[in-house]
Amino acid sequence: MSALPGWATLDPSSLGSNPEPHSVSNLVGGKWSSSNTSLIIPNPMDKHAPPVCTVPDTQGSELTPFIESMKAVPKSGVHNPLKNNERYLQFGEISRLAGEALSDPNIAEFFVQTIQKTVPKSHAQAMGEVKVTADFLKNFAGDNVRFLARSFGVPGDHYGQFSNGHRWPYGPVAIIAPFNFPLEIPVLQLMGALFMGNKPVLKPAEKCALVMEQFLHLLHDCGMDKQDVDLLNCQGQVAEQLILNSPIRLTQFTGSSRVAEILLEKTKGKVKIEDAGFDWKILGPDVGDVDYVAWQCDQDAYACSGQKCSAESILFAHENWQAAGLFDKMKQNASTRSLDDLSIAPVLTHTTQSILDHTARLLEIPGSKLLFGGKELENHNIPDVYGAVEPTAVWVPLKEMLKEENFEACTSEIFAPFQVVTTFADNERHLVIDACERMSNHLTAAVVSNDVEFQTDILANTVNGTTYAGRRARTTGAPQNHWFGPAGDTRGAGKLILIKLFLVLSGFVMHSSSSSDALLLPVFSLLNTSRHRNSRGNQDGLVLPS
């Protein structure tokens, strides 16, 4: 990085080394502010080094400005197809400028280093996150924001009558974003909310809040009004207080299933969730490209230290793959991962001991064995509150896995470099399908097979938000040309989609219909004309008497 961007308020090279750490700020009502207390975010790579930053630990007693900010937003939003619609073009320009900025090598490297200092991951993984975000922003340049809000019309029953459907904002909304993609996920959700006329309050994960703080500075430099977004740094209970005590009409939540269920209950369902993903990969009987498949399995399970909602959690391999030496190749690939290049990194939501305890639990299952890993990383200074383990794979016999006393342990998501592996024979395919049917979370999956009959059978009898099929199938690394989100749960919402379109629609827009009937034939001109508007927003200009 040759120079700091002019809008930046920190130098990423000093994060975790400066004795006076960067202080992240809140943003509310267009003004940056602090709180009475702060959280200290430790250096995730070195417990003996200075903290990465401090983050406002906003308390419930300090929420009044945020509540008032949400109350100031009408249900009709900041803009909609009939109000302040010049803002669609304004956000098209903001999106263009922000996309160009993130495509600048210097600014891209600024965010790469900022991400790496808070959520350690390899340079390639961090740069991939920045690139996807830049592509998303460039996709909505120019007229594409207003095209996103395109209305539709339907002919009526008689001359002069027609109905229009509009994509309408919710008004005040909230975004609770996760730590693992500290730029990509919150930016996509935030911009979708803004494009459609909502006023969002963003609550990022405390560990990586400084990433979105800096991105908001970039948006302001690109022309966004400082009052368009509030940034709230706090712990979960305080965010819950804000949601329940302000007129927030929809919350987009990305995170754990446990918290999602709590929010859904307390808000009476006014939450769109993208929660846990226990993601399976099935290798069919047709073996080929073993080196490539082994590499992809390693990437899916262990890139970003397994801290992806789409990470490969369980691998069902036909016994032919074991005979071809797949597991040995996977072990060799995993052994090349190192803290030096962050191809293995701290686990931010599990301690070392909890991961090792889970490994030990699976090894208690009769016939199970450790394929590789299962140990703490050597020569590290990772803080004790985080996890530091080698890439790990535990093989469990399929029939033992399916037993009631073992299945929950074998299918519990561990957000870490950890996967369960099993094998199956030709006559055990139905057991694999049964295992997939019994799992609770259906986010991504892969059917690694070019055998049309096998592939069709698996696809026909399973459900997932995204299923990749074919010899090159994977579970991670979703491109921009398809839906990415959970399936089988009506409360679910995706976050990566074809030009990210459905994200915006499913997350932060509703449909509002209006019907026009203003023109009547002369024979009806003397009849009673009364106006009515029903609860769904349909409007007839002139109505014949009953």
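**Rings, helices and loops**

A: Happy to! Phe136 is buried, and Phe140 is buried too (buried is under 20% relative accessible area, exposed over 50%, partly exposed in between, with a 1.4 Å probe and protein chains only). This is a predicted model, where local features need pLDDT of at least 70, side-chain atom pairs count only at pLDDT 80 or more, and totals for chains, interfaces and linings use all residues. Residues are numbered from 1 along each chain as its sequence is written, and side-chain values use heavy atoms, leaving out hydrogens and water.

Q: Good to know. How many aromatic pairs does the structure hold?

A: There are 12 aromatic pairs. Rings of Phe, Tyr and Trp (its six-membered ring) pair if their centres lie within 6.5 Å; planes under 30 degrees apart are stacked, over 60 edge-to-face and the rest tilted. The ring centres of Phe136 and Phe140 are 5.2 Å apart with planes at 65°, so this pair is edge-to-face.

Q: And what about Tyr292 and Trp295?

A: Their planes are at 45° and their centres 5.7 Å apart, so that pair is tilted. Both residues sit in helix α10 (residues 290–302), 3 residues apart, about one turn of the helix. Helices here are DSSP runs (H or I, at least four residues), as are strands (E, at least two), numbered from the N terminus.

Q: Which residues do ring pairs link into a cluster?

A: Trp7, Phe110, Phe111 and Phe215.

Q: Switching to helices: at what angle do α2 and α4 pack?

A: About 155°, with the axes of α2 (residues 86–103) and α4 (residues 123–139) 7 Å apart. Axes are lines fitted to C-alpha atoms, for helices over the stretch in contact, and angles run from 0 to 180 degrees between N-to-C directions. That makes the two roughly antiparallel (over 145 degrees; under 35 is roughly parallel, 65 to 115 roughly perpendicular, the rest oblique).

Q: Which residues of α2 and α4 meet?

A: Among them are Ser95, Arg96 and Leu102 in α2, and Val130, Thr133 and Leu137 in α4. Contact means heavy atoms within 4.5 Å.

Q: Last topic: where does Asn84 lie?

A: Asn84 is in the loop between α1 (64–71) and α2. Its phi is positive, about 50°, although it is not a glycine.

Q: And Lys268, buried or exposed?

A: Lys268 is exposed, with 79% relative accessible area. Its phi is also positive, near 60°.
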